Amino acid sequence: MDPLGQPETKPVLNKLRADADGLAAARRLLTEGRLVAFPTETVYGLGADATDGRAVAAIYAAKGRPAFNPLIAHVADLTAAQRQGVFSADALALAQAFWPGPLTLVVPVGPACTVSELARAGLSSVALRVPDHPVALALLSAFGKPVAAPSANRSGRVSPTCAQHVVEDLNGRIDMVLDGGATRVGVESTIVAALDGTPRLLRPGGISRAALEAVLGRPLADAEPETDGSQARLAPGRLASHYAPAARVRLGAADLRPDEAILDFGEQLVNLRPQAKAYLDLSAAGDLAEAAANLFGHLRRLDASGVATIAIAPIPNAGLGEAINDRLSRAAAPR
Ligand code: TXA
Ligand code: MG
């Protein structure tokens, strides 16, 4: 990506196997300040050298993302994370319990933090995560610096859970995607802010609220509107309309209307299948982890069928259901 983000100068996006050669090429591109999409256990990330403001600017340009929205800095391990941010006892307990894994911790910046101001959107906190994916971890250790990475989709679109999704969204706008197959978790990381004595859930995700609370030994607070009105900056990614397919989305469907496709869960709407324009089940067995892994891919497939509306069966809010319902309510938000 050139620093001004001119997409028309880009060659066709290179999809490389995540073997030794692919990893070496990815590392070289990062060193040159260029963009590389790579697999994590949640979704594919669009990575750049987090310490290089120009490289980070290219991420915002490729995604078409508002520049005030801060990015997660991915690192290889807890030691690397502690060089960037200040870990309270709560933050440390969560990191030790869930890293590598789908948890992002927002902590105060440390004195030796090298994550660029732009990646942090000028905040005095930094979002850190150690992803649980062999390709991501190999790339992070080889590169040796934090990698800023939002999900590798155009801003506002459904997140990518395989390399082909990245190609569909970003072909012509970035240099390469490392192909590590389909992602295991399928929804983004849970984000917890540990900025004071009260850990707060900023975004539900791949680690359930219950699992976090079991480690903390107390309930997790929700993100609260700040008295100075800075809530929009505390969790700016929680925009109402987000993760949006082109089709309209109708939640909690118990019936079928004309020209609708069905996105089912646990075969609740399977009897309506013959009348539906298209039908997919997130998990016929009603398994929430399987549903999370299928969520974005199924939304993309139903969207590609060209239907006007996707009717979605109710999904229980327990465990990973909180993250699934969070993403679905954004997909359904007016836009
Ligand atoms: O699973 C994931 O988290 C994926 C993979 C690629 O790691 N990444 C991802 O990044 O979902 P993104 O950019 O789509 O979401 C990052 C979220 C945004 O909502 C952003 O506002 C929030 O993290 N964030 C980042 N830094 C923050 C900070 N200092 N304070 C509060 N929120 C922050
Ligand atoms: Mg995203």
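Start by selecting β13 (residues 260-264): 3 bridges join this strand to β14, and the two run parallel. Strands here are DSSP E runs of at least two residues and helices are H or I runs of at least four, both numbered from the N terminus; two strands pair if DSSP finds at least two bridges between them. Before going on, note that this is a predicted model, where local features need pLDDT of at least 70 and side-chain atom pairs count only at pLDDT 80 or more, while totals for chains, interfaces and linings use all residues. Residues are numbered from 1 along each chain as its sequence is written, chains are lettered from A and ligands numbered from 1 in the order in which they are written, and side-chain values use heavy atoms, with hydrogens and water left out.

**Around β13**

Pick isoleucine 262 and look across to β14: tyrosine 279 stands opposite. Now show the whole open sheet, 4 strands in the order β12-β15-β13-β14 with parallel pairing. Its edge strands, β12 (248-250) and β14 (279-281), each pair on one side only. Neighbouring strands are turned by 20 degrees against each other on average, direction ignored; the axes are lines fitted to C-alpha atoms (for helices, over the stretch in contact), with angles from 0 to 180 degrees between N-to-C directions.

Next, click leucine 251, in the loop between β12 and β13. At 38% relative accessibility this leucine counts as partly exposed (buried is under 20% relative accessible area, exposed over 50%, partly exposed in between, with a 1.4 Å probe and protein chains only). Leucine 251 touches Ile312, Leu328, Ser329 and Ala332, leaving aside residues up to four places away in sequence; contact means heavy atoms within 4.5 Å. For a distance check, go from leucine 251 to methionine 176: 75 residues apart in sequence, 36 Å apart in space, C-alpha to C-alpha.

**The 11-strand sheet**

Select the open sheet of 11 strands, ordered β1-β8-β2-β3-β7-β4-β6-β5-β9-β10-β11 with mixed pairing. β1 (14-17) and β11 (221-222) sit at the edges with a single partner strand each, so one side of each has no neighbour in the sheet. Inside, β4 (residues 72-74) pairs with β6 in the parallel sense over 3 bridges, and alanine 73 has leucine 128 of β6 as its bridge partner.

**The cores**

Which residues have the most contacts inside the largest nonpolar core? Highlight Phe87, Trp99, Leu103, Leu105, Val166, Ile174 and Leu212, in a core of 48 residues. Such a core is a set of buried Ala, Val, Leu, Ile, Met, Phe, Trp, Tyr and Cys residues joined through side-chain atoms within 4.5 Å. Its largest share, 6 residues, comes from α2. Apart from it lies another core of 28 residues, including Leu295 and Ile310.

**A pocket to finish**

Finally, color Arg157, His165, Asp169, Arg300 and Asp303, among the residues lining the second largest pocket. A pocket is an open set of points on a 1 Å grid over the protein atoms alone, where a 1.4 Å probe fits, with protein on both sides within 12 Å along at least five of seven lines; lining residues have an atom within 4 Å of a point. α6 and α9 (288-304) each supply at least two lining residues.
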